Amino acid sequence: MKKLLLVLFAVLSLQANGIIVKKSHCDTYQTVQNLKKIIKAKGLHIFAVINHSGNAKAVGMKMRPTVMIVFGKAELGTKLMQQDPKVGLDLPLRVLVYEDKDGSTKMAYRDGSWLKNKHVIDAPKIIQKINKGMDTITTQAGICQK
């Protein structure tokens, strides 16, 4: 019962922060490669790939594989930032790919509704497009080709 409550609390905490977490059926490296390929195929621009675990290793520390991909489409981001320039603090979009303590690969990203709840914007169609796109990209990235 205690373990179930902890899991429920973790799920509620993630929802409260607007974070969506999905399991990948690939390892971290393959998931990142899948994401990059899918993002490019959708005509989005990859601004950065940040290897957090690689950076940890560079300073003599250990961390499970953890990589963040920062990407977006200027046409959508600009429309949001024209309404509220502070949206730029939360754009471009990003997906964090990491190996959890059980060895599973996960992908985490913010729900697009988080943007509208934290900034002064009125763009339900753009938020819907962001949510649909992030769901599609991460779902496809979590499928491994044999």
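Good morning. The structure holds three salt bridges, a salt bridge being a side-chain nitrogen of Lys or Arg within 4 Å of a carboxyl oxygen of Asp or Glu. Before I describe them, a word on the source: this is a predicted model, in which local features need pLDDT of at least 70 and side-chain atom pairs count only at pLDDT 80 or more, while totals for chains, interfaces and linings use all residues. Residues are numbered from 1 along each chain as its sequence is written, and side-chain values use heavy atoms, with hydrogens and water left out.

Let me begin with the salt bridge between the side chains of Asp 135 and Lys 22, where the N to O distance is 2.6 Å. Asp 135 belongs to helix H6 (residues 124–141) and Lys 22 to strand S1 (residues 19–24), so this pair ties together parts that lie 113 residues apart in sequence. Helices and strands here are DSSP runs, numbered from the N terminus; a helix is H or I with at least four residues, and a strand is E with at least two. Are these two residues buried or exposed? Asp 135 is partly exposed, at 37% relative accessibility, whereas Lys 22 is buried, with a relative accessible area of 15%. By these terms, buried means under 20% relative accessible area, exposed means over 50%, and partly exposed is in between, using a 1.4 Å probe and protein chains only.

A second salt bridge joins the side chains of Asp 84 and Lys 86, at 3.1 Å from N to O. Asp 84 is buried, at 3% relative accessibility. In another, the side chains of Asp 100 and Lys 106 meet at 2.8 Å, N to O. Both Asp 100 and Lys 106 are buried.

I turn now to the chain as a whole. The protein chain has six helices and five strands. Along the sequence they follow the pattern α-β-α-β-α-β-α-β-β-α-α. Of the 146 residues in the chain, 36% are buried. The chain exposes about 9,500 Å², of which carbon and sulfur atoms supply 59%; these areas come from the Shrake-Rupley method with a 1.4 Å probe, and for residues only the protein chains shown count as cover. Taking the contacts with a separation of 6 or more, 67% are between residues 24 or more positions apart, where contact means heavy atoms within 4.5 Å.

Next, the sheet. In what order do the five strands stand in the open sheet? The order is S1-S5-S4-S3-S2, with antiparallel pairing; two strands pair if DSSP finds at least two bridges between them. S1 and strand S2 (45–51) stand at the edges with a single partner strand each, so one side of each is left without a neighbour in the sheet. On average, neighbouring strands of this sheet are turned by 20° against each other, direction ignored. Helix H2 (residues 28–41) packs on the sheet and touches S1, S2, strand S3 (66–72), strand S4 (93–99) and S5, and the direction of H2 makes about 160° with that of S4. For such angles, axes are lines fitted to C-alpha atoms, for helices over the stretch in contact, and the values run from 0 to 180 degrees between N-to-C directions.

Let us follow the pairings. S1 and strand S5 (residues 105–110) run antiparallel and are joined by six bridges; Ile 19 has Arg 110 in S5 as its bridge partner. S2 and S3 also pair in the antiparallel sense, over six bridges, and Ile 46 is partnered by Phe 71 in S3. S3 is joined to S4 by six bridges, again antiparallel, with Val 97 in S4 as the bridge partner of Val 67.

Seven of its seven residues are buried. In a regular strand the side chains alternate between the two faces of the sheet. In S3, Thr 66, Met 68, Val 70 and Gly 72 point one way, while Val 67, Ile 69 and Phe 71 point the other way.

Ser 53 lies in helix H3 (residues 52–58) and is buried, at 14% relative accessibility. Leaving aside neighbours within four places in sequence, Ser 53 is in contact with Met 63, Arg 64, Pro 65 and Thr 66. A polar atom of the Ser 53 side chain lies 3.2 Å from the backbone nitrogen of Thr 66. Lys 40, by contrast, is in helix H2 and is exposed, with a relative accessible area of 55%. The C-alpha atoms of Lys 40 and Phe 71 are separated by 9.4 Å, and the two residues are 31 residues apart along the chain. Thank you for your attention.

Key: Polar contact = N/O pair within 3.5 Å; in protein donor to acceptor, adjacent residues only side chain to side chain.
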